[in-house]
Amino acid sequence: MDHIEKLIRDIPKAELHCHIEGTLEPELMFELASRNKIKLPFANPDEIRRAYAFTNLQSFLDIYYQGADVLRTEQDFYDLTWAYLNRAREDNICHTEIFFDPQTHTQRNISFATALNGIHHALEDARKKLNISSHLILCFLRHLSEEDAFTVFKQALPFKEKIIAVGLDSGEAGNPPEKFKRVFDAARSEGFLTVAHAGEEGPANYIWQALELLEASRIDHGVRCTEDEALVTLLKEKQIPLTVCPLSNIKLCVFKTMHDHNIKKLLEKGLCITINSDDPAYFGGYITENYLACHRAFKLTTDDIVQLAKNSINASFLDNEQKTTYLNRINQVVNTL
Ligand code: ADE
Ligand code: ZN
């Protein structure tokens, strides 16, 4: 292992873009299917993995929503989240801000509380037993109506203290941020922060909308910002973070190969870029593999890795004191190199 690879593994980092439903490994999918007496249309985990050949975002989402159907009980959501957090520990993730998609579950008559409580308990256990801090972000499914988003938003209000922000995910093209302006207004007036997927498959204009209409603190993906120079300037000047997910972008054909990815250029331009895993069970790698894939394509330097890790802490929703603690820990690791 070269010294950059060791640094990538060892450096404390935050993950800011990971869908908990996207961490469902085929082995656990089988275990939960058996526990819940569900018949999967696959013979074994390897067959599931072979089905993960995506051509775009929608081709992935179809399989992903089907996979989530094995999640039925609070224990299932706990087990899913606990498995991710143990994997995160191995990657030296010190803080994670995970997304969950309640509508994927409430649509199947699984209650909001079942999903929320299972996930929340695992996050609390990880704080105590794995030394990982966390926040939870509720994502609205943008292919559904704003009225639907309002319904789930109302279900979330009794659990408000356990959710830091609302976000927007699912099929981007044809579902612009403006469609959700009123529900995001309502969320902000209840004290939620906001983020949004934008500029993954959708145009740069959707990033403008996410910033101006939804007042997003971060943009999830955002890689198509380069189609608008004024937007790139704004992202740089205001240091609005982009939560980039390199392996996801290749798997979903946003870029043809990692060499074609614009992450290194964005980093060089001085934007606040972070590296994240998105749906690691589906895209072939957790956060460390995402850093490593970028390193292999672009020969990242020590300074690049430290910058990316520090960006992840600075872009998080931690308070300043917690940020300082983690930034000091990064410096300690770098000083022992
Ligand atoms: N849901 C899970 N992963 C997603 C992605 N990459 N884009 C939009 N919605 C998602
Ligand atoms: Zn995502």
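This is a predicted model: local features need pLDDT of at least 70, side-chain atom pairs count only at pLDDT 80 or more; totals for chains, interfaces and linings use all residues.

Colleague: Which element supplies the largest share of the lining of the largest pocket?

Modeller: The largest pocket holds about 210 Å³ of space. Of the 15 residues that line the pocket, the closest to its centre are Lys160, Glu161, Lys162, Ile163 and Ile164. Helix 7 (112-129) and strand 3 (133-141) each supply at least two lining residues. The largest share, four residues, comes from helix 7.

Colleague: How many residues of that lining are charged?

Modeller: The lining divides by residue class into five nonpolar and four polar residues. The remaining class, the charged residues, numbers six.

Colleague: What span does helix 7 reach from its first C-alpha to its last?

Modeller: Helix 7 has 18 residues, for which 26 Å is expected at 1.5 Å a residue. The span in the model is close to that value, at 26 Å.

Colleague: What covers the buried residues of helix 7?

Modeller: Residues with under 20% relative accessible area count as buried. In helix 7 these include Phe112, Leu116, Ile119 and Leu123. The cover includes helix 5 (74-90), strand 2 (93-100), helix 6 (102-106), strand 3 and helix 8 (146-156).

Colleague: Which residue in strand 5 stands opposite Val166?

Modeller: Strand 5 (residues 193-198) is mostly covered, with five of its six residues buried. Strand 4 (residues 165-169) pairs with strand 5 in the parallel sense over two bridges. Opposite Val166 stands Thr194.

Definitions and conventions. Residues are numbered from 1 along each chain as its sequence is written. Chains are lettered from A and ligands numbered from 1 in the order in which they are written. Side-chain values use heavy atoms; hydrogens and water are left out. On a 1 Å grid over the protein atoms alone, a cavity is a set of points where a 1.4 Å probe fits but cannot get out, and a pocket is an open set with protein on both sides within 12 Å along at least five of seven lines; lining residues have an atom within 4 Å of a point. Grid points are joined across faces, edges and corners, and a volume is the space filled by probe spheres set on the points. Ala, Val, Leu, Ile, Met, Phe, Trp, Tyr, Cys and Pro count as nonpolar, Asp, Glu, Lys and Arg as charged, and the others, Gly among them, as polar. The expected span of a helix is 1.5 Å times one less than its number of residues. Buried means under 20% relative accessible area, exposed over 50%, partly exposed in between (1.4 Å probe, protein chains only). Contact means heavy atoms within 4.5 Å. Two strands pair if DSSP finds at least two bridges between them.
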